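The sequence and structure come before the text.

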Amino acid sequence: MSSPVWHPFTQHGLGESIPRVTRTDGAFLYTDDGRRIIDAISSWWVTTHGHCHPAIMAAIADQAGKMDQIIFAGWTHEPAETLAQALVEIMPPALEHVFFSDSGSTAVEVALKMALGFFANRGEPRSRILVLEHSYHGDTIGAMSIGARGVYNQAYAPLLFDVGTIPYPAAGAEQATLDALEQACRTAPAAFIVEPLVLGAGGMLFYPPWVLAEMRAICARHGVLFIADEVMTAWGRTGTLLACEQAGVVPDILCLSKGLTGGAVPLAVTMATAEIFDAHYSDDRSRMFFHSSSYTANPIACAAANANLEIWRTEPVRDRIADLARRQAGWAEQVRQVPTIHNARVCGTIAAFELASATGSYLDGLGPRLLAFFKQRDLLLRPLGNTVYVMPPYCIDDASLGEIYSAIAEASETL
Ligand code: PLP
């Protein structure tokens, strides 16, 4: 009998294999048919230090023995208090307040509601959100509304709200992006939301720190809130703790998830400035932040995040990141020699390329063929169309990285 499980972003009914994973360790997944799979994309970009880091697993077990979920509206607990304090200390100083949720999408929804609440509570209602072309911020209705439109959200278009789209800052066209943003900011929108330095699901598109810095400055000049969605880019992915760091940018609102718990359990936070927090005060309680979910600040997830922060404090995480970034750059250099691999680029620990014919033409239906090929090679790689990217856990060894790149080169030449 077929499984009743309905998988995300999976076309059921085509008979494609769905490997069953029974154990994870470091950069590897182990399946029930005895295979060892190299996790080349950190299981959708969540796993930073490697699967089942002992300190994170121990923290989860310890917390699970003491306390499960408690209501967080008007109640609190030590793991959340400790985590919020640690985040305030490690993240940019202006971000003094931490609101908990449980996924990247909800962190973004919370950010949007904070931005609109900020203006509404000050008697200056603004509702328009500016976004960057090709962005992805999640799959809930609000997050989809501010993301790129395509076949994946076409059916839901009637539910999606209108936004102002700023052209992506392609190399050589950065000034056009900045001019468009400046002009859009003159119409008094509430906020501009960006994925700093790397547009992930939109195709692993990179842009330089100076553009990020300029975009932030434009928003500041016009009193438009600047929201950094670092759900994918934070926790060292781009080479620094936050991508914003490389541009000296401090956002008004910051969204974090994925690597917040080292990738072990779901948790997210939306951090905001005192100005935004203070705008949510009134004696009659009418301006409080009207948002919650049942599992807000789950203590077990907070304990995992505290263990992640302890790993950042006590282990040479930054050295591992720098080392992986160097190895990724070396491999990118090598695949530049392959005529069917185009536009090899690296941002910190992330490498991406387009696979196409030697003349650069797009190979029709390549995505699903690549997916099947990599699965057969015991690799977890999930191309975005003909864009293949490598974003492994920081602990990946040289031999595994080599296996990934030789499979990509072979795929580009044979598929
Ligand atoms: N924002 C960004 C930049 C993301 O890359 C993602 C997921 O990939 C999200 C938000 C949504 O996160 P989640 O899948 O946890 O809802």
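## Strand S11 and its partners

S11 and strand S12 (residues 268-273) run antiparallel and are joined by four bridges. Strands here are DSSP runs of E of at least two residues, and helices are runs of H or I of at least four residues, both numbered from the N terminus. Two strands count as paired if DSSP finds at least two bridges between them. Leu254 stands opposite Met271 in S12. S10 is joined to S11 by three bridges, in the parallel sense, and Ala228 has Leu254 in S11 as its bridge partner.

The model is predicted: local features need pLDDT of at least 70 and side-chain atom pairs count only at pLDDT 80 or more, while totals for chains, interfaces and linings use all residues. Residues are numbered from 1 along each chain as its sequence is written.

In a regular strand, side chains alternate between the two faces of the sheet. Strand S11 (residues 253-256) is covered on both faces: Ile253 and Cys255 are buried on one side, and Leu254 and Leu256 are buried on the other. A residue is called buried if 20 or more other C-beta atoms lie within 10 Å of its own, exposed if 12 or fewer do, and partly exposed in between, with C-beta atoms placed from the backbone.

## The seven-stranded sheet

S11 and S12 belong to an open sheet of seven strands, ordered S4-S12-S11-S10-S7-S5-S6, with mixed pairing. Strand S4 (95-101) and strand S6 (164-166) are at the edges; each has a single partner strand, so one side of each has no neighbour in the sheet. From one strand to the next, the twist averages 20 degrees.

Strand S7 (residues 191-194) pairs with S10 in the parallel sense over four bridges, and the bridge partner of Ile193 in S10 is Ile227. Helix H3 (residues 78-90) packs on the sheet and touches S4 and S12; its direction makes about 135 degrees with that of S4. Axes are lines fitted to C-alpha atoms, for helices over the stretch in contact, and angles run from 0 to 180 degrees between N-to-C directions.

## Ligand shell and annotated positions

The ligand is surrounded by 14 residues, the closest being Gly104, Ser105, Gly138, Val231 and Met232. A residue is counted as near if its C-beta atom, placed from the backbone, lies within 6 Å. Helix H4 (residues 104-121) gives the largest share of this shell, three residues.

An unreviewed UniProt entry lists Gly104, Ser105, Asp229, Ser293 and Ser294 under "binding site"; such annotations may be inferred rather than shown by experiment. These positions spread over 191 residues of sequence and, in space, up to 23.1 Å between C-alpha atoms.

Gly104 lies in helix H4 and is buried, with 27 other C-beta atoms within 10 Å. Beyond its neighbours within four places in sequence, Gly104 is in contact (C-beta atoms, placed from the backbone, within 7 Å) with Gly138, Val231, Cys255, Ser257, Lys258 and Ala268. Asp229 is in strand S10 (residues 225-229) and is buried, with 32 other C-beta atoms within 10 Å.

## The four-stranded sheet

Another open sheet has four strands in the order S1-S2-S3-S15, with mixed pairing. Its edge strands, S1 (21-25) and S15 (379-380), each pair on one side only. Strand S2 (residues 28-31) pairs with strand S3 (residues 36-39) in the antiparallel sense over three bridges, and Phe28 has Ile38 in S3 as its bridge partner.

Note on methods: Two residues are in contact if their C-beta atoms, placed from the backbone, lie within 7 Å.
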